[in-house]
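Hi,

Here's the structure I promised to pass on. Have a look at it first, and then read my notes below.

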Amino acid sequence: MAENMQDGKFVHNNTESARPGSVMPLFSLKGKTAIVSGAAAGIGFAVAETFAEAGANVAIWYNSNEIAVQRAAEIEQAYGVKCKAYPVNVISYEAVQTAIDQIISEFNGRLDIFVANSGIPWTEGPSLDGKIETFSKVMATNVDGVFNCARVAGLHWRRQKREGTTIDGRKLEGFTTGSFIATASISAHIVNIPQLQAPYNASKAAVKHMVKSLGVEWVGFARANTVSPGYIKTEISTFCSPDVKRVWHDRIPMGREGETVELKGAYLYLASDASTYTTAADIVVDGGYCAL
């Protein structure tokens, strides 16, 4: 049975509220440590930059795009926080564990926020015609990768809450609960057209429900939520033709793709103490697409 349950019932008053006061301090991440995977570009980079601007020290993970190293240096200089890039293959549990342990040791002995943003698209059309190897790669990156990150981060948050200390034994200041945020997608809610991408849709639906489940399991030491972006202008959709994108725009009430800046508020809210009563939730940011 979950730690936050007794005799099949949730323990009463087993969480803490943010302290009453002005609203803007709730969104501050000063002194906190955040890790963002898939952060060399696109949504992940926008999120990393947002957290740094809010005062967090940020570790950026990338797979092969080494521009992340330069961008981490730019963030560090612009916002006066610690920011460093790490190459991490999220498919490997051992690689994830090693990287998180290293970062916590290098970043003041603590972890407060993890954003699991690494993901790859399905670009092979009908699922009956695509390669089974590609399906396996999509699922391994988009689903296994999120679970690997969640498990290692969750173990650290459980220890931090139980012991109230950093990894090196110092008193842990300003820690209420950890915040795990995974990037899901409107593809977890609807079937996209005209492109055919059943494996991708399945992977994002799995992420959304996995994180919802973790939000219930982790009550007391960590919150777990997802953000489901709609069509956002990033490198992940460069394989789609202008004709395909015109169909998207026809079905979006706001008539356009979103910009990464339009996601910053959702991720900051979930990372901060403004969301101490938000867990097992999914925030859809899609220009109204899923309303139809």
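Which element gives the largest share of the lining of the largest pocket? Helix H1 does, with 3 residues. Before you go further, keep in mind that this is a predicted model.

Let's stay with that pocket for a moment. The space inside the largest pocket comes to about 1,000 Å³. A total of 45 residues line the largest pocket, and Asn117, Gly119, Ile120, Pro121 and Ile236 are the closest to its centre. Besides H1 (42–53), the elements that give two or more residues to this lining are strand E4 (57–62), helix H4 (132–163) and helix H5 (198–217).

The structure has 1 cavity of 30 Å³ or more, and the space in the largest cavity is about 40 Å³. Among the residues that line it are Lys32, Asp112, Arg223 and Asp273. Its lining splits into 2 nonpolar, 3 polar and 4 charged residues.

In soluble globular proteins, nonpolar side chains tend to be buried together. Here, the largest nonpolar core has 35 residues, and the members that touch the most others are Trp61, Ile100, Phe114, Trp157, Phe180 and Trp218. Several elements supply at least two residues each to this core, including E4, helix H3 (93–106) and strand E6 (113–116). H4 gives the most, with 7 residues. A second, separate core has 33 residues, including Leu29, Ala34, Ile60 and Ile181.

Setting aside neighbours within four places in sequence, Phe114 is in contact with Trp61, Ile100, Trp157 and Phe180, among others. Ile181, which belongs to the second core, is also one of the contacts of Phe114.

Is Val90 buried or exposed? Its relative accessible area is 6%, which is under the 20% cut-off, so Val90 counts as buried. You'll find Val90 in the loop between strand E5 (83–87) and H3. Leaving out neighbours within four places in sequence, its contacts include Ser37, Trp61 and Cys149, and these three are also among the contacts of Phe114. Val90 and Ala116 are 26 residues apart along the chain, and their C-alpha atoms are 9.3 Å apart.

Cheers

Conventions: Residues numbered from 1 in each chain as written. Predicted model: local features only at pLDDT ≥ 70, side-chain atom pairs only at ≥ 80, totals over all residues. Heavy atoms only, no water. 1 Å grid on protein atoms, 1.4 Å probe; cavity = no way out; pocket = protein on both sides within 12 Å on 5 of 7 lines; lining within 4 Å. Points joined across faces, edges and corners; volume = space filled by probe spheres on them. Helix = DSSP H or I, 4+ residues; strand = E, 2+ residues; numbered from the N terminus. Core = buried A, V, L, I, M, F, W, Y, C linked by side-chain atoms within 4.5 Å. Buried < 20%, exposed > 50% of the residue type's maximum accessible area, 1.4 Å probe, protein only. Contact = heavy atoms within 4.5 Å. Nonpolar A, V, L, I, M, F, W, Y, C, P; charged D, E, K, R; others polar.
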